[in-house]
Amino acid sequence: MWVVLALSACGPRTGIPLAVPGARTVEVGHELQLTVRVADPAAKLSFDSDLTDLTTRPLRPTLTPFAGGEASFRWTPLGEDVGDHVITFIADLDGAFSRGNVPVTVVAGEHVIVFREPAGDGSTLATGVDCVDVGFLVDDPAAVEVTFTEGADWPASATLASVGPLDANVHFCASAADRAAGIVPLVVQASDDSGASTTKRYVVVLN
Amino acid sequence: MKSLQVLLVAIILVGCGAKSGLPPLDPGLGHLALTSVGPPLILPGSQLVLVGQGFIDPSLGKARLRLQGTFTATTSRDLDVVVAARYVDATHLTAQVDSGLLGFLGASDGMLRGDAQILYDSAIDGQIHGSATIPFSLQLVSSLTPVVTSVAGSTLHLNDAVLVSGSGFLLGGGEGSTRALLTGCFLADGNGGPCSTKGSPITVEIEAPPVTAGDRTQVGVLLAPDIFGIHPGVFSGSLKIFNQLASGQPVDGGTRTLVTTLQLPEVVKLAPSAASLGQIVIATGAGFIGGVSDEVTLLRLQGTFAPDGAPSAAVDLTLVSGFVDGTHARYVLDEVDALGRGVDLRHVTGKFTGTVTPVLRKGAVQVSGPATAVTLQIAPVRQVVALHYLPSFDESLRRFGVLTAGAAVRQRILTVAARDYDGVNIDFRADTPTDFAVYAQVDVVGPDPNGLGLLGYDNTPGKDVGNQRLFDRIGGVNATTQEDGFSGYGGIFADQFLGFSAHPPTQIAALGQQSTTFDVIFDPIRPDTGLPITALEATQLTAAAVDGAVCPAETGNRPGQVRCAVRVLGNLLGSTVTHEVGHSLGLADPTGMLFHNPGDEPNRLMDAGDARPFEERAELGEGPGVFCTDDYDYLRGILPKISAPPSVTRPGCD
């Protein structure tokens with residue numbers, strides 16, 4: 001979505017139309033590319049930011065002019081940039097200024113919780129064996145701790161307990177009802193404070 | 001807190017005037033083309049499939065389909081209409097025959113002919129870009145009658161499909177779907193008869209989707225376990241085919257007699273015949289189930305297991321598989337199931353010889369198929385490592401001037417990594433593995449997101465002595481590592497190698513050690529100091545030419561300079577991959593607390609960064625770096641390989 005701005009600055013002259021894109025979200029280490037357009041190609045284009053070192057750090061953004069008043073802004077944020085920022089683009093035509101703000105949210109990375117264990121889809125509970133323990137382990141790149149919860153159709157004969165910040169154990173002892181059902185799904189959900197969550201379905205098959 | 005700071009610094013990048021020579025902004029649509037519009041027969045609600053190339057992500061532009069020509073219903077009139085198109089991938093878009101288009105046409109039956117074109121509203125330059133036009137022809141009908149010419153399905157397994165051939169079938173989605181009504185009786189094997197007293201009456205209506213997407217000449221009626229149950233037997237009855245239009249109106253296609261014998265499940269083979277912890281074994285056969293929560297296909301292994309170096313033992317294991325489809329089941333070698341509890345998959349290898357029997361379970365109901373003779377080798381634990389190249393890596397290649405030779409650089413990285421770990425059971429891949437459920441990943445990117453100018457960083461938590469984690473990810477962020485006070489962003493940071501230059505690009509910080517040799521090699525290639533490798537030059541870069549490159553090449557020997565630059569960059573990146581993967585495997589000093597080999601000895605891969613000069617990394621008169629003796633013995637211990645270690649002189653680790 002483009003936002004076209006025509007703002008007047010200090011002087012009496014009206015600023016020239018400057019079009020900037022809407023808010024963006026970018027991951028650390030990934031390049032953000034924005035295109036801005038100024039109505040008069042003769043205008044000088046520049047940018048500001050609340051990040052005070054943005055123009056002096058080694059890996060600083062570039063603003064490359066193209067024909068027709070367009071310019072391409074390219075920036076690869078670093079880990080220290082995580083958070084909400086504003087990139088302000090400025091068009092200057094003989095002292096008449098237009099400004100356009102682009103809110104940019106820098107996030108640490110792709111936020112996907114992944115179950116690492118168990119790797120398989122299920123296990124069998126042999127005849128004569130009543131109980132089994134199944135360990136669950138997740139990776140969460142953006143959190144040091146997750147909350148494990150029981151998923152859908154959780155069997156009354158199973159208990160879920162966290163044993164570490166990223167791992168849990170399910171202790172299951174088959175009941176008569178479980179043996180009648182034959183297949184007992186254990187659906188474990190892992191979620192973190194950011195709201196990210198994922199589930200793992202593991203079945204215990206009773207002989 | 002930086003967002004609260006108010007000091008704004010403006011930089012002026014565009015001066016007044018002299019702009020007439022500026023190039024236009026590239027919207028990335030230079031290869032836009034449309035090659036086909038289909039299917040040729042459409043109904044209200046149909047989905048048009050647009051095939052072409054150069055389609056771009058919706059964030060970069062909005063796609064539309066323009067149809068110009070004539071629409072002939074009772075009369076013929078001009079047609080010029082634009083409809084929204086949805087991005088699928090770089091070669092496919094879809095568009096809907098929706099009420100807007102139908103309203104424009106003013107009729108639901110007729111023929112559209114003319115020229116079709118893809119239009120893109122670019123978010124990059126704000127302009128509209130169009131593909132070349134191609135001729136198209138679409139017949140629009142308001143209703144479609146299915147015509148059945150044959151029904152095939154006299155002997156089937158569960159989750160096989162009765163194949164119905166003919167014409168006029170619906171494709172599903174907005175236009176409606178072709179459906180089947182099965183009516184009759186199912187008599188399970190062993191129940192005697194007749195079906196009217198011993199069998200189960202069947203009346204089931206199910207969708208019959210196209211066997212091949214977009215094909216109106218064949219649909220399949222999938223025999224899921226919910227229809228007959230899981231016991232083998234015989235269905236006798238009829239099959240009625242009808243089209244259920246989007247309007248809800250059914251259109252009858254006639255009824256056929258159907259007698260289907262449902263067979264026991266069977267396993268034809270297990271593949272691969274040797275597998276290790278975390279690897280996927282695919283059972284191929286027929287009659288597998290597991291599509292819903294109360295179903296599972298078990299694989300019962302009965303026979304003997306002969307561990308290497310130990311006596312054989314009888315085996316009777318039942319393994320739980322994951323459902324792929326009726327003919328494929330997926331089993332992952334796991335430490336916590338019946339196999340993993342019986343065999344230490346990290347330390348025991350051997351061979352199972354016996355039979356595999358498919359066992360279907362639907363709730364408490366169980367049906368077994370025939371046993372099939374198989375062998376399955378339990379292979380030594382293997383670490384698979386997928387190299388994942390992010391888009392910023394291409395930007396880095398551009399800075400080096402080797403973007404066109406990216407494939408050759410990647411190949412050299414793989415060659416170096418495989419060489420460094422020769423004799424260790426580790427497998428570097430250029431693509432995401434599909435044969436392993438558990439594998440590690442290394443991100444190869446452009447800049448160091450930590451802002452520290454690192455060449456590479458293993459951001460996996462702690463020191464994984466013994467390589468308990470086969471699933472490490474060196475890349476992205478790791479909050480657990482950050483909590484320990486370390487940099488959180490991992491990967492191989494290609495940009496930073498430009499810091500070896502005495503005059504790095506403006507965006508790259510110089511490293512502590514500069515190399516004139518680096519500049520001799522890369523100055524002729526870098527875009528800011530020389531001429532980047534051309535596409536033609538890149539086509540001449542065979543792996544053998546790169547591996548055998550003489551470095552540095554003499555001045556004026558352009559082909560030699562190109563080969564040398566690719567080889568050296570591959571060496572730099574490849575040896576950094578092996579170093580960081582070494583960390584994730586528990587190196588260095590696996591029995592101690594150190595992360596690097598102590599001191600500074602020549603050609604040791606796990607020495608600290610400042611003890612690994614450019615010439616050693618680049619293999620120019622020094623190197624290649626190798627694992628020192630104790631580190632290598634440790635690697636052979638945790639990732640054993642049957643083959644003998646290579647004949648390499650290794651330095652000591654102390």
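What follows is a short chat about a predicted two-chain model.

Visitor: What are the ground rules here?
Guide: This is a predicted model, where local features need pLDDT of at least 70, side-chain atom pairs count only at pLDDT 80 or more, and totals for chains, interfaces and linings use all residues. Residues are numbered from 1 along each chain as its sequence is written, with chains lettered from A and ligands numbered from 1 in the order in which they are written.

Visitor: What is the average pLDDT of chain B?
Guide: Chain B averages 93, and 97% of its residues score at least 70. pLDDT is the predictor's confidence in each residue, from 0 to 100.

Visitor: Where does pLDDT stay under 50 in chain B?
Guide: Over residues 1-19 of chain B. The model has 35 contacts beyond four places in sequence for that stretch. Two residues are in contact if their C-beta atoms, placed from the backbone, lie within 7 Å.

Visitor: And the complex scores?
Guide: The predictor gives an ipTM of 0.86 and a pTM of 0.89.

Visitor: How many helices and strands are in chain B?
Guide: Chain B has 13 helices and 35 strands. Those are DSSP runs numbered from the N terminus: helices are H or I with at least four residues, strands are E with at least two.

Visitor: Which domains is chain B divided into?
Guide: Domain 1 (33-140), domain 2 (147-262), domain 3 (266-378) and domain 4 (385-638). The bounds come from an automatic or database domain assignment. Over C-alpha atoms, the centres of domain 2 and domain 4 of chain B are separated by 57 Å.

Visitor: Switching to the interface. How many residues does the contact take from each chain?
Guide: 61 residues from chain B and 60 residues from chain A. On the chain B side, elements supplying at least two residues each include β22 (295-307), β23 (313-320) and α5 (391-400). That side divides into 33 nonpolar, 19 polar and nine charged residues. Here Ala, Val, Leu, Ile, Met, Phe, Trp, Tyr, Cys and Pro count as nonpolar, Asp, Glu, Lys and Arg as charged, and the others, Gly among them, as polar.

Visitor: Which residues touch the most other members of the largest nonpolar core?
Guide: Val36(A), Val402(B), Ala565(B) and Val566(B), in a core of 215 residues. A nonpolar core is a set of buried Ala, Val, Leu, Ile, Met, Phe, Trp, Tyr and Cys residues joined through C-beta atoms within 7 Å. Buried means 20 or more other C-beta atoms within 10 Å of a residue's own, exposed means 12 or fewer, and partly exposed is in between, with C-beta atoms placed from the backbone. Helix α11 (residues 558-584) of chain B gives the most to this core, ten residues.

Visitor: What is Val402(B) in contact with?
Guide: Beyond its neighbours within four places in sequence, its contacts include Leu397(B), Ile525(B), Ala565(B) and Val566(B).

Visitor: What about positive phi?
Guide: Asp153(A) has phi near 55 degrees. Asp589(B) has a positive phi of about 50 degrees and is not a glycine.
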